[in-house]
2 protein chains.
Amino acid sequence: MQDIEDYLVKERDRQLQELKQLLSIPSISALSEHRGDVRRAAEWIRDSLSRAGFHHAAIMDTPGHPVVYADWLHRPNAPTVLVYGHYDVQPVDPIELWESPPFEPTVRDNHLYARGASDDKGPTFLHIKALEALLAVRGTLPVNVKFCIEGEEEVGSKHLDAFLDEHRDIFAADMVLISDTTMIRPDLPAIVYGLRGLAAGEVELRTASSDLHSGLYGGAVPNAVHALVELLSTFHDPDGRVTVDGFYDDVLEPSAEERAGYATLGHDDEAYRKSLGLTALHGEPGYSTLERVWVRPTLEINGISGGFQGEGTKTVIPSVATAKITCRLVPNQKSDHVLERIAEHVKKHQPKGAVAIFHKGHGGKPYLAPYDHPAIQLAAEAYAYAYPNKAVFTRMGGSIPVVETFSQLLKVPVVLMGFGLNEDRFHAPNERFSLDNFDRGLRTLCYYYSQLGDTWSSR
Amino acid sequence: MQDIEDYLVKERDRQLQELKQLLSIPSISALSEHRGDVRRAAEWIRDSLSRAGFHHAAIMDTPGHPVVYADWLHRPNAPTVLVYGHYDVQPVDPIELWESPPFEPTVRDNHLYARGASDDKGPTFLHIKALEALLAVRGTLPVNVKFCIEGEEEVGSKHLDAFLDEHRDIFAADMVLISDTTMIRPDLPAIVYGLRGLAAGEVELRTASSDLHSGLYGGAVPNAVHALVELLSTFHDPDGRVTVDGFYDDVLEPSAEERAGYATLGHDDEAYRKSLGLTALHGEPGYSTLERVWVRPTLEINGISGGFQGEGTKTVIPSVATAKITCRLVPNQKSDHVLERIAEHVKKHQPKGAVAIFHKGHGGKPYLAPYDHPAIQLAAEAYAYAYPNKAVFTRMGGSIPVVETFSQLLKVPVVLMGFGLNEDRFHAPNERFSLDNFDRGLRTLCYYYSQLGDTWSSR
């Protein structure tokens, strides 16, 4: 890798200047007045890919902001990596909290400050520059590469699913590589290999045909809020375990190896509790906080509503009450199955004098990468080339919709190599990207891409 | 009573014409454009009292609509009756449902149709005309009488408490007589001798210092809605009995005689259930529907709120949730005591990881007339003079604020002699007053007033 190291040292100033150019484009996808800027960022990415040595670099239109495509496909027997990233950024409000203007990239304390520095222009840029380095120094790549850099991630990637479905031949690949997550600590990189899925629904309780006067009827008739409380109180045991029959049917327990890995991360429950302003944490016995959030499913009431909610008092017996519910699912739960179990539970626990209806909503699959796959194991090792430690394997309690999209559409592993840090202020004022991670990230990716062909063919 | 009977027959047309005059004044207290009409009705009442033979007939101003006063105080050793009524009426919307215009009193099918016919111009008018008859025929009254006819009952009598408190010497009396309630059936009059009181408050549950993302935190932290459900589920047992320690401390059980009386009313639970659109009634075991509403206290959640309540789904863990609560109290419960017991309950059942606060609200005393008082017993018998049955003694599950006001201010019995019927459409289009009740009501009141002096002195 000495050839690459030499190149990176020589080219560093130019690369940093280029990243500053990209960061100076206010490509805020949420604000229509920045529509032109968003397109300008797409053009910048396209040109940058072209100059790096990629072919077919193009702006592909969607009903919203465009997707940038490019490829290098000259290794017929090697795997194809699809690199996903996004060039759009969050709005900058509250602007007065920025120490330097959000679109005037500024280096302070070995950090590059700008909106999009870490989310996600910086990390996306590293992939382009790593591959540019390999092409420049070695004239070829050990694997095939395609790029899919979108401009609507910060507004929910709303057109991406249909776009990828329409162009699935173009984006076909053997794995997907994304750098849009965070590391555990500056010295401890992380690869996210599991995400929770979702199952949504709403419980509706009805009693009388209209709200009733609590003086004239109170004591003799059911109350929809009482009935809803009675029903909802059957969903969890006092410890927080979900008591819906069959809810845990398909839950994959984490391996001893995975749990041991999480335990090494040294999660500080007390600091976590304090930071959230809680008097106590609350969750399933037998699991650590990280396990509760990463590998255990939940049934959460997101909202409840019924009767009078204005100022003061209204002496009404509510006739309708509702609760919105989402479950976070873990492998191998299926949202259809979970929603069906909840519907049965609601039916079975329908309070006397009330009619209980469960309206099933949308679902999203949990994701679990085959983390013994050599392409994923190599990713963890690649970090060790540039960082003091190899990456740990972590999960995330939330969902990344684009991971689900790629996973379902292409049926290939999605590898999430993060270079951001929690302190990098994604979505907040003074967003930044550590120049350490700029340098180490580039080296990590150069190492990764350079080894991937051999690693893949050796499996 | 033949002298009175003869007079009433002779004067009936004139009396009915006069009532039509009063009913043709659109004295809608809620609408400012009718302010002049409201005053006109007050003037009409004042003049009518004057012509009937009362003294000191006057319009007494309040910060809102005025109160009409008049008296006849020429029996120094006899009791003084304070007659309360109201000359204001409800708005008439939806006007298109009226078969004849609301302020053009029309007789159809032996009913007088007009806004205010039964609530409360008609019944108030009966008192004036009954006393006018006694004065005209016999030249004197057996008791002293004062009138307090207000113009803000339909907007909550908001200035009455302060007004009566300011003028408590003027309105001092030995009993209060009100005709603003209903009978059980056309042939079965009723005297309401008990009302429930009120105790209001709000439960507030707080967990984290802000709402949290259900993906990133779900499973490891408390949820304010779950905590509220857990807390609220401790307020009742499955049968609906309140499980707050000390809640029933001061509850006066109805006597065997009272319960036997209620049982004779033949309440039809099945028709009641159907009319409310319920799959089942729900209430405390061991009590009939009427008893549940009349003599048993309640703790009712009037509204519940927490988390996301918009369209669709939001994957949030709510950090705040609230429930509004009112209790209906029965003699001899005190709202302070009940609210204190609830506050203790909330503290005792505070869910783990949550902070539960109970905000005490306002209270209102339950009312129970001394129904063995001769003035009340006489009222029941007076009906038997004009109706096929003497009146039954009933309670009401709601509150009548003015009863509480008089009861607390004057510390004397309040007698509620109803002449309306549930079918008379109080507050609704095509409000009416049965001419049967016009005639029988007049005779009932003539009998009552004529006997009251002797009955009172014989006790």
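Select Ser305(A): Ser305(B), in strand S11(B), stands opposite. The model is predicted: local features need pLDDT of at least 70, side-chain atom pairs count only at pLDDT 80 or more, and totals for chains, interfaces and linings use all residues. Residues are numbered from 1 along each chain as its sequence is written, while chains are lettered from A and ligands numbered from 1 in the order in which they are written.

Strands pair if DSSP finds at least two bridges between them; strands (E, at least two residues) and helices (H or I, at least four) are DSSP runs, numbered from the N terminus.

Next, select the whole contact between the chains, with 65 residues from chain A and 65 from chain B. Contact requires C-beta atoms, placed from the backbone, within 7 Å. Elements of chain A that each supply at least two residues to this side include helix H7 (224–232) and strand S14 (355–364). The largest share, nine residues, comes from S11(A). By class, the side of chain A that touches chain B has 24 nonpolar, 31 polar and 10 charged residues. Nonpolar covers Ala, Val, Leu, Ile, Met, Phe, Trp, Tyr, Cys and Pro; charged covers Asp, Glu, Lys and Arg; the others, Gly among them, are polar.

Finally, select residues 374–386 (H12) and 435–457 (H14) of chain A, two helices packed at about 140° with axes 8 Å apart. Axes are lines fitted to C-alpha atoms, for helices over the stretch in contact, and angles run from 0 to 180 degrees between N-to-C directions. Among the residues meeting there are Tyr383(A) of H12(A) and Trp456(A) of H14(A). The contact of H12(A) with H14(A) divides into 12 nonpolar, three polar and two charged residues.

Key:
Two residues are in contact if their C-beta atoms, placed from the backbone, lie within 7 Å.
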